[in-house]
Amino acid sequence: MASLFSKDIMTLQGVGEKRAKLFQKLGAPTVGALLRYYPRGYEDWSRHTSIAAAPLGELCTIRGTVLHRPTETRIRNGMTLYKTIVTDGDSDLHLTFFNNRYIPNLLTEGTAYLFYGKVSGMGSRREMSSPEFCRAEGAPPIVPIYRQTEGLSSRQISNAMKQAFPLLPEILQDPIPDDLRQAQGLCHLRYALENIHFPKTMESLAIARRRLIFEELLVLQLGLLQLKKRSKTAVSCHAITDYSEEFWKLLPFTPTNAQRRAVSEALHDMSGTTPYPMNRLVQGDVGSGKTAVAAALCHSVIKSGKQAALMAPTEILAKQHFASLSNFLAPAGIRLGLLTGSVTAAKKRALLEQLETGEIDLLIGTHALISDNVRFHDLALVITDEQHRFGVDQRASLSAKGENPHLLVMSATPIPRTLALMIYGDLDISVLNERPPGRQEIETYTIDSKKRPRAFQYLRKHIEAGYQCYIICPLIEEGQGDMASVLQYTEILKRDYFSDLEIGILHGKLKAKEKEEVMARFAAGELPILVSTTVVEVGVDVPNAVVILIENAERYGLSQLHQLRGRVGRGNVKSTCILVSDAQNEEAITRLKTMCRTSDGFQIADADLRLRGPGDFFGTNQHGLPDLKIADMAEDLETLQQAQAAAKALLHADPGLSEPNHRGLRGEVRMLFAKVGTNGFN
């Protein structure tokens, strides 16, 4: 199998240079990579229905014999239709194909085919438009559907797969050792690859899927556990003295028990009682006080004579952290610096000189912190905020600026603890599950679109009282379903409801600098209303914003709705979240009721996993993890637990996976983690 990963995809018949680029775009530049490119779904062609019994408007498979060669008809705008009739012996089915000049040669009169599609019709007449089809003789019972790209169809990918599979060696080396495979009741790799691409029954497909999911999660866990072990390798690291009690006295409020616990856990990691640096995730709901935890750790590090760095994903967030941390730390004599892309060259030079000489204790900034010319005097603590926006390699680049500095990553995305322990296999975890005193509960209501005008009156009442409001729209393009774009929506607001107010607009097609400017104006109180897509989801602290109205709320996952709701309720004023939806389906209604019932992010994360899997709050790309091709972190939780237990046992017996029967797994770990800039085994 390994040799097939070096065999160019162009060795397959019909794959020239142009098509090879399309396969490369899909992540399959080699024959081996193609065989590991799994279908996204399947069509079951094994169950046939008669034409008369075919359910209207539903996908089904019909076996029929072609009565005559397809005829060609030209209609408006140069479109060409090809029509024919097939019969199952009792009833006829009228077929129409659009602009496919090959159809007359592909359907032969008197030959039986299987047709897969939706049947329509009136009375006794039955029709099917552009169905998938193949000869009935030798037809596959289950047809794989692959993720496509423009110019490369699922059928073309399937044809390439039929050429690739025979290239597998007859005796294929299985990366999973026989004893582990048998203990887990898993099939051999060759059987799995054959039945994931060419399944004969749903049962054989299920057996193949279980094997490949286990293998992928096993490889992921091996890599993560090895990364964690590597971060726990004995090295010379900074011993930090605990000055937290001194810090708590600086605060104008009493810290929560959860904040004290998180700081205590982190300072224990940094105390020098263990011979390796801290590697910890602080996971807390919106408004749980992560910034104060970060400030407490920076305080102890700096009082111990060292430096700290905090990296945020955007300039406005970096500025916000600079302001918050200055309030916490400047009274203690701690010197802070801010480094972003907009800092002038002269200021940047002076800042970098002060940093290198140790005159700046804490540097806060964006990705600019990982630039080559940023050099610290004695960096002992690295903090990354909204950690899902940074990959493993970016965290590593910042850490490389010190000698084995301690690492703290912060996330405002609540994930159930059992799942978090497996996802963040290279990190220890602290959870902030209490709201700081003074934080108001956000009241959440669901309304239908008929009540929207009343909701706008509610917004106006708050604006006239001196407060600000968010309005969230899902899409920005015109003509995308029934959802108005941000621009169209804003025009309606200005014309019918808020003609006397200036309205800010924020969406993904704005340049980064434009987004920052709009958000900065809103944060400064210059804009009473901000109409935005979800780009505002994780971001700026605007205590004066007290109402958020979310249009088409059923379009979002629970966790994303919760993140959006967290844009308000950041001050001491009672805040409101209004969910606008005309949804009738049960799952959407359940989601919206959950939002109205609870504001606990961890409860919401649990409900989101149960309702719809990882969804928006948990994409592997966002979390700096390798791409998973077949496993689903939420749906395959039981397999994930089994894979983690197996990975721990394997590494206990063979820490480097250097034994001959573990080398296949070692190679897979290196391949999986290569894309995120690191791997578990050097």
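Colleague: Where is the place of Asn99?
Modeller: Asn99 sits in the loop between β5 (92-98) and α3 (103-106), where helices (H or I, at least four residues) and strands (E, at least two) are DSSP runs numbered from the N terminus. This is a predicted model in which local features need pLDDT of at least 70 and side-chain atom pairs count only at pLDDT 80 or more, whereas totals for chains, interfaces and linings use all residues. Residues are numbered from 1 along each chain as its sequence is written, and side-chain values use heavy atoms, with hydrogens and water left out.

Colleague: Why is Asn552 called buried?
Modeller: Asn552 has a relative accessible area of 17%, and buried means under 20% (exposed is over 50%, partly exposed lies in between, with a 1.4 Å probe and protein chains only), so Asn552 counts as buried.

Colleague: What makes Gly571 count as buried?
Modeller: The relative accessibility of Gly571 is 14%, and therefore Gly571 counts as buried. Gly571 lies in the loop between α18 (558-565) and β22 (575-580). In sequence Gly571 is 284 residues from Gly287, while in space the two are 9.7 Å apart, C-alpha to C-alpha.

Colleague: Why does Thr366 count as buried, and which residues does Thr366 touch?
Modeller: Thr366 counts as buried because its relative accessibility is 10%. Thr366 is found in the loop between β13 (362-365) and β14 (379-384). A contact means heavy atoms within 4.5 Å, and, not counting residues up to four places away in sequence, the residues that Thr366 touches include Met311, Ala318 and Leu339.

Colleague: How many residues does the largest nonpolar core have?
Modeller: A nonpolar core is a set of buried Ala, Val, Leu, Ile, Met, Phe, Trp, Tyr and Cys residues joined through side-chain atoms within 4.5 Å, and the largest one here has 60 residues, with Phe23 and Leu222 among those with the most contacts inside it. The elements giving two or more residues to this core include α1 (17-25), α4 (154-164) and α7 (202-231), and α7 supplies the largest share, 13 residues. Phe23 touches, among others, Val15, Leu34, Leu152 and Ile157.

Colleague: How many cavities of 30 Å³ or more does a search of the whole structure find?
Modeller: The search finds three, and about 120 Å³ of space lies in the largest cavity. Its lining has 13 residues, and those nearest its centre are Val286, Arg435, Ile442, Gly566 and Val568. A cavity is a set of points, on a 1 Å grid over the protein atoms alone, where a 1.4 Å probe fits but cannot get out, and lining residues have an atom within 4 Å of a point.

Colleague: What does the protein chain average in pLDDT?
Modeller: The chain averages 86, and 88% of the residues score at least 70, where pLDDT is the predictor's confidence in each residue, from 0 to 100. Over residues 476-484 the pLDDT is below 50, and this stretch has 17 contacts in the model beyond near neighbours in sequence.

Technical notes: 1 Å grid on protein atoms, 1.4 Å probe; cavity = no way out; pocket = protein on both sides within 12 Å on 5 of 7 lines; lining within 4 Å. Points joined across faces, edges and corners; volume = space filled by probe spheres on them.
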